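Colleague: I am new to this structure and would like a short tour. Could you take me through it?

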Amino acid sequence: MQNFTFYNPVKIIFGRDTVSKIGREAAKAGKKALLVYGGGSVKRNGVYETVTGSLSKNGITFIEHSGVKPNPVLTHTREGIKKARENNCDVIIAAGGGSVIDESKAIAAGVKYRGDVWDFFTGKAAIKDAVALFTVLTIPATGSEMNSGCVVTNEETKQKYNAGSQLLFPRISILDPETTMSLPQAQTANGAVDALAHVIEGYFTTKDPDVIMTDELVHAIARSVITCTDRILADPEDYGARASMMWSATLALNGLQALGYGGGSFINHAIEHSLSALYDIAHGAGLAIVMPAWFKYHLKTDGPGRLIKFGNAVFGVKSAEETIDAFENWFKKIGAPVRLPEVKIPAADIPKITENALGLINRWEIAGYDRKTVEGILRTAA
Ligand code: NZQ
Ligand code: ZN
């Protein structure tokens, strides 16, 4: 096990009927909120009403910033910053999924910065200050509710990049599993694939294969995600499964999932971000396409050891090939795409996707992935 420092200050309020606590909690930080949400799911499932009622009851006035896109974009983020500044917002409330939370994080940092918020994503500037952020999560997927990163797409340059700072940890995140019961099946599946992807990245690229605790945590999260998703797809109203799924996805990217691995890379994410940047597909769908192809590459370059260990613990299979098949079959079973043509991406575009992916691979300093390697992985996914 490699040395590590772990810090995660996010207070989680979890369970039924917890959304109404948002106002009392947020009132400790400010009186004028920017309320950020997406395309309207929060209006249809009652979250909006509960949040706004709670804000008003606790003396918080709010300005709305709605219309956050899945795969949030830079222009809309800049609009949010302008709105928050013009209205002197001293607190930001994000109600929705990872996209809403990520854009809110970028706004929180952007409001306090004189330059352009994109500077944080290119590494031109570091985040030095941020407005207090509170979240109400409505989809288990990204872990953004309990981590310090955010991902935004620059529509002009087609770069889907991330920014991060300890200042971006939400103060409080409210996780009420009942809010997730309105999720369409495809979004449930996308979230499950994303949570799985978050635990496999570190596990399969670890610099140290002798980290029993983290390996077992990864196995447990993966088994929980798979079991819960199967139960949710059979019965969307299954509260127990919704609850464990929600907490599993949070644990899958709050830092615990990679402790002791001594680094590791997010290579599947680096390649996927190009798919969602260029074609605006769901992040989870892109990962379900990249992962089986990358596992085949990993088997060739790193051997079967980790695949056998994971497959044995999670799927009850014996060989590396069976583990890769088990992943792919489970993705298919839950309705996720596993090849590029399923999301209408032609093989002819692979050089263009590779070019885009190399931008992030360089930015994240992932060694060993040149143009030929990335193209090869994408061709396996074609
Ligand atoms: O926009 P609305 O109307 O709210 O609808 C959303 C959206 O269409 C809908 N939805 C969310 N909760 C719902 C619901 N529909 C019905 N009932 C509910 N309870 O689901 C759709 C997808 O929402 P989105 O927020 O885009 O999903 P997700 O949470 O998967 O976020 C994806 C984004 O997060 C980034 C991804 O790249 C992508 O941009 N990521 C963020 C990370 C982070 N900050 O740590 C890490 C991840 O690896 C990822 O990159
Ligand atoms: Zn992800």
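Modeller: Along the chain, the donors of the zinc ion (ligand 2) are spaced as D-x3-H-x70-H-x13-H. Please bear in mind that this is a predicted model.

Colleague: Which residues coordinate the zinc ion (ligand 2)?

Modeller: The zinc ion (ligand 2) is coordinated by Asp194 through OD, and by His198, His269 and His283 through NE2. The distances are 2.0 to 2.2 Å.

Colleague: Which parts does the pair His198 and His269 tie together?

Modeller: His198 belongs to helix α7 (residues 185–205), whereas His269 belongs to helix α10 (residues 267–279), so the pair ties together parts that are 71 residues apart in sequence.

Colleague: And are His198 and His269 buried or exposed?

Modeller: Both His198 and His269 are buried.

Colleague: Which way do the residues of β4 point?

Modeller: Val91, Ile93 and Ala95 point one way from β4, while Ile92, Ala94 and Gly96 point the other way. All of them are buried.

Colleague: How many bridges join strand β2 to β4?

Modeller: Five bridges join β2 (residues 32–37) to β4, and the two strands run parallel. Leu34 stands opposite Ile92 in β4.

Colleague: What about β4 and strand β5?

Modeller: Six bridges join β4 to β5 (residues 132–137), and these strands also run parallel. The bridge partner of Val91 in β5 is Ala132.

Technical notes
Residues numbered from 1 in each chain as written. Chains lettered and ligands numbered in written order. Predicted model: local features only at pLDDT ≥ 70, side-chain atom pairs only at ≥ 80, totals over all residues. Heavy atoms only, no water. Donors = N, O, S within 2.8 Å, 3.2 Å for Na, K, Ca; no water. Helix = DSSP H or I, 4+ residues; strand = E, 2+ residues; numbered from the N terminus. Buried < 20%, exposed > 50% of the residue type's maximum accessible area, 1.4 Å probe, protein only. Pairing = 2+ DSSP bridges.
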